[in-house]
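This briefing goes through a structure by topic. Please look at the sequence and the model first.

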Amino acid sequence: MKCESTVNFVQGPIVGLRVLGPADVPQWAAWFNTPAVTSHLNKGAFPNTQAAQAEFLDRLSRSRNDVQLGIVDQTASLIGIVGLHHIDWVHRHGDISIVVGETAAHGRGVATEAIGLMVRHAFLKLNLHKLTAGMWATNTGSRRAFERNGFQLEGTLRQSFWHGDRFVDEIRLGLLRAEWETRA
Ligand SMILES: CC(C)(COP(=O)(O)OP(=O)(O)OC[C@H]1O[C@@H](n2cnc3c(N)ncnc32)[C@H](O)[C@@H]1OP(=O)(O)O)[C@@H](O)C(=O)NCCC(=O)NCCS
């Protein structure tokens with residue numbers, strides 16, 4: 001698949017993070033119409049379109065308050081996305097999002113490593129001070145992947161999301177650069 005560079009922007013042991021391009025839009029857009037991907041996400045209530053995904057990519061590609069990258073496996077296939085959003089350059093914090101869109105890649109440590117690579121980029125390259133992440137309380141895998149990278153529980157927002165038959169809480173996690181450095 002054509003991408004913006006043949007070299008990954010960031011490289012880890014099992015996954016790389018690469019720049020996303022227009023050729024990635026159909027696969028990326030389809031993930032948000034897939035129930036197995038959206039079951040614990042604030043997506044899936046309305047259909048996602050390639051046009052909306054392309055507009056999102058265009059906007060984030062020009063933003064200096066977001067870093068959106070694709071997650072690729074060792075065969076260079078796109079399997080997910082990881083993003084750093086709402087970067088605040090005064091207070092030096094940002095919020096990480098993660099989607100492993102190819103469900104065959106779930107449970108293999110992809111999210112844990114991709115989050116770790118984005119954390120490193122955020123602290124060492126962008127010089128941020130604090131990172132946050134949020135997820136539905138039912139999203140055990142997401143919470144665990146962030147906690148494996150040192151994120152700690154900072155708060156619970158009660159009954160924020162409708163989950164088919166009940167409202168579920170939002171979990172808010174945080175990681176300070178100093179905490180991350182003591183782990184390294
Ligand atoms: C949630 C998600 C990011 C996890 O990605 P992943 O690559 O499968 O996660 P990892 O393999 O790195 O696993 C991280 C940990 O969570 C556990 N885990 C993963 N999926 C799990 C699940 N569905 N239920 C319970 N535990 C799970 C793993 O066993 C692992 O724990 P360990 O470190 O103790 O062994 C992925 O399933 C996904 O993208 N889902 C759809 C989109 C989504 O929900 N994104 C998160 C939004 S906040």
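**Strand pairing and the sheet**

Strand β7 (residues 152–162) and β8 run antiparallel and are joined by seven bridges. This is a predicted model, in which local features need pLDDT of at least 70 and side-chain atom pairs count only at pLDDT 80 or more, while totals for chains, interfaces and linings use all residues. Residues are numbered from 1 along each chain as its sequence is written. Helices (H or I, at least four residues) and strands (E, at least two) are DSSP runs numbered from the N terminus, and two strands pair if DSSP finds at least two bridges between them.

- Leu 157 has Glu 170 in β8 as its bridge partner.
- A hairpin is formed by β7 and β8, with four residues between them; in the turn, Gly 164 has a positive phi of about 85°.
- β8 is also joined to β6 by seven bridges, and these two strands run antiparallel. Ala 133 stands opposite Leu 173 in β8.
- Six bridges pair β3 with β4 in the antiparallel sense, and Val 67 stands opposite Leu 84 in β4.
- The open sheet has eight strands in the order β1-β2-β3-β4-β5-β6-β8-β7, with mixed pairing. Because β1 (10–11) and β7 stand at the edges with a single partner strand each, one side of each is left without a neighbour in the sheet.

**Nonpolar core**

- The largest nonpolar core has 41 residues. Such a core is a set of buried Ala, Val, Leu, Ile, Met, Phe, Trp, Tyr and Cys residues joined through C-beta atoms within 7 Å. A residue is buried if 20 or more other C-beta atoms lie within 10 Å of its own, exposed if 12 or fewer, and partly exposed in between, with C-beta atoms placed from the backbone.
- Ile 71, Val 82, Ala 114, Ile 115 and Met 118 have the most contacts inside this core.
- Elements that each supply at least two residues of this core include α1 (25–31), β3 (67–72), β4 (78–88) and β8 (167–176). α4 gives the most, with nine residues.
- Leaving out residues up to four places away in sequence, Val 82 touches Leu 17, Leu 69, Ile 71, Ile 96, Ile 98, Ala 114, Ile 115 and Met 118; contact means C-beta atoms, placed from the backbone, within 7 Å.

- α4 has 16 residues and reaches 22 Å from its first C-alpha to its last, close to the 22 Å expected at 1.5 Å a residue. The expected span is 1.5 Å times one less than the number of residues.
- Buried residues of α4 include Val 110, Glu 113, Gly 116 and Phe 123.
- Gln 53 is placed in helix α3 (residues 50–62), and it counts as buried because it has 21 C-beta neighbours inside 10 Å.
- Gln 53 touches Val 25, Trp 28, Ala 29 and Asn 48, not counting residues up to four places away in sequence.

**Ligand surroundings**

- The ligand is surrounded by 21 residues, each with its C-beta atom, placed from the backbone, within 6 Å. The closest are Ala 111, Thr 112, Met 135, Gly 141 and Arg 144.
- β5 (93–99), α4 (110–125) and α5 (140–147) each supply at least two residues of this shell. The largest share, five residues, comes from α5.
- The shell divides into nine nonpolar, nine polar and three charged residues. Here Ala, Val, Leu, Ile, Met, Phe, Trp, Tyr, Cys and Pro count as nonpolar, Asp, Glu, Lys and Arg as charged, and the others, Gly among them, as polar.

Note on methods
Two residues are in contact if their C-beta atoms, placed from the backbone, lie within 7 Å.
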